[in-house]
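Hi everyone, thanks for making time. Let me put the structure up and walk you through it.

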Amino acid sequence: MHMNQVYRVLKIKIPWRLVEERPDVLDLVTRMHLAVEEYAKTLLKEITGQGEPKLTTEEIDRLLTPDRRELAVKIIDVAFPKYGLGRYFVKQAKMFWRETAFWRAVPLDAQLRIENERDAGRAVFVGLKSGVLRVRKTGIPPFAVELKKGNVAWIRERLQEGARLKLAFLGIERLKGKKEPTYGKLYIALVFARKVQQVEPKAVVAVDVNRLDHGVMMGLLVDGKLRQTLRLLDEDAVRELRRLHEEISRLDEQAAREADPARRRRLEERARHLKSRRFRKIRGVVKDIVGEIIKLAREHQAAIVVDTMEDETYRELKEGNWSGEKKHLLDGLGQLRRRLQTLARWYGLPYLEERLYSTVCPRCGAKMEELNNRRMQCPVCGFNDNRDNVPLIWAKKRYWELLQKQPAFSATTTLLTS
Ligand SMILES: [Zn+2]
């Protein structure tokens with residue numbers, strides 16, 4: 001019986017109020033961030049001999065072999081005191097030297113008090129009954145964050161699934177899309193772990209995720225037959241997203257034209273507000289879709305096979321002449337894949353990313369032509385079907401092969417095991 005150690009992370013925001021009242025918290029998190037960046041960069045530079053190597057997570061995982069430990073320890077001893085990080089951080093970083101380089105954060109030891117267990121004196125202490133999370137032993141006076149009801153419910157669900165709190169990270173969100181890196185909200189990430197038995201798949205759930213606003217096609221295949229197809233689409237959410245997008249574009253244009261600084265700031269403020277609403281909306285859509293897929297896969301003990309665009313195509317789409325709206329939908333697809341993978345692994349379901357073509361004929365392999373109404377036709381053998389169904393027919397054709405396939409190796413499964 002194959003058992004896997006699996007992880008899920010709960011990110012808890014540190015409220016702005018606390019950050020304002022306690023500048024030493026922001027200062028600490030910033031120092032940790034800088035120390036870890038310096039450590040990770042120096043380590044990877046020493047290993048590869050390159051200045052700023054661009055590495056994938058898999059490559060980093062491969063490079064951090066046990067024999068690098070001594071080098072890592074030396075770098076930590078230099079980098080951490082430079083940023084005023086004391087013994088506790090140095091000890092943790094050395095113990096989890098791979099994780100620290102991989103996650104770019106120092107894993108802190110943590111305890112979850114469910115009832116009235118004794119306080120073991122760890123840096124992060126989460127009281128489930130009191131609903132308070134405390135951070136201490138970090139060289140600054142302790143600080144506390146109140147857990148939201150949703151956080152407590154989430155933790156209880158994980159406990160029921162047999163997970164326990166493994167460790168915690170203290171971090172700062174790095175905002176993308178600006179020339180200079182800017183930093184956003186502070187957070188505490190709680191890492192929960194459990195052992196899960198790998199499911200021997202008895203079915204396949206094929207998922208085609210080409211466009212979030214067209215919905216996600218899902219097909220259930222059992223014994224090589226397509227048993228059920230379902231389009232997951234929340235039309236209200238798509239309408240709302242379109243409306244939000246139009247308003248944001250309008251505000252952005254207005255702000256660009258506005259000469260009065262105060263009025264321009266107000267317009268920008270309003271646009272920012274709507275952008276975070278759009279972000280939450282997309283996240284909500286993704287969450288619902290992934291929930292449906294996981295539910296079906298668990299019911300049928302199915303392997304999840306996701307059609308993915310090749311990275312090349314994905315990059316072209318992102319960099320190409322796409323409107324902002326489509327870019328966000330595309331980012332949503334990235335989120336969807338990551339979330340699906342995380343949850344599939346959490347429940348022991350095999351997860352595969354495979355090309356399931358929508359424009360290649362599943363009968364003869366010829367390139368198909370698109371007719372009206374998203375109908376695809378093969379000019380060679382005459383096969384024709386709706387474009388959305390073609391990937392599912394490919395999944396059916398490859399059913400037995402997909403069922404046998406081992407899930408792709410992923411770096412994150414080998415980490416956080418010490
Ligand atoms: Zn054909």
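I'll start with the overall fold and then turn to the charged side chains.

Keep in mind that this is a predicted model. The protein chain has 13 helices and 15 strands. Its radius of gyration is 24 Å, close to the 22 Å from the globule rule for 418 residues, so the chain is as compact as a globular protein of that length. If you box in the C-alpha atoms along the principal axes, you get roughly 70 × 65 × 50 Å. And 46% of the 418 residues are buried.

Okay, charges. Side chains of opposite charge can pair when their charged atoms come close. Across the whole structure, the search turns up 29 salt bridges.

Take Glu-173 and Lys-11, whose closest N and O atoms sit 3.7 Å apart. Glu-173 is in strand β6 and Lys-11 in strand β1, so this pair ties together parts that are 162 residues apart in sequence.

Now for a local one: Asp-27 bridges to Arg-31 at 3.0 Å. Both belong to helix α2, four residues apart, or about one helical turn.

Then there's Arg-374 with Asp-388, at 2.9 Å from N to O. Each partner lies in a loop, and the pair links parts 14 residues apart in sequence. So which partner is buried here? Asp-388 is, at 7% relative accessibility, while Arg-374 is partly exposed at 30%.

Some bridges share partners, too: Glu-240, Arg-243, Glu-247, Arg-270 and Arg-277 form one network.

Last stop, the surface: Asp-234, Glu-235, Asp-288 and Glu-292 gather in a negatively charged patch. Of these, Glu-235 belongs to helix α8, residues 235-257.

Technical notes: Residues numbered from 1 in each chain as written. Predicted model: local features only at pLDDT ≥ 70, side-chain atom pairs only at ≥ 80, totals over all residues. Heavy atoms only, no water. Patch = residues over 30% accessible without salt bridge, like charges linked within 9 Å, V, L, I, M, F, W, Y side chains within 5 Å. Areas by Shrake-Rupley, 256 points an atom, 1.4 Å probe, with all protein chains shown as cover. Salt bridge = Lys/Arg side-chain N within 4 Å of Asp/Glu carboxyl O. Lys, Arg positive; Asp, Glu negative; His and termini not counted. Charge placed at Lys NZ, Arg CZ, Asp CG, Glu CD. Helix = DSSP H or I, 4+ residues; strand = E, 2+ residues; numbered from the N terminus. Rg over C-alpha atoms; globule rule 2.2 N^0.38 Å. Buried < 20%, exposed > 50% of the residue type's maximum accessible area, 1.4 Å probe, protein only.
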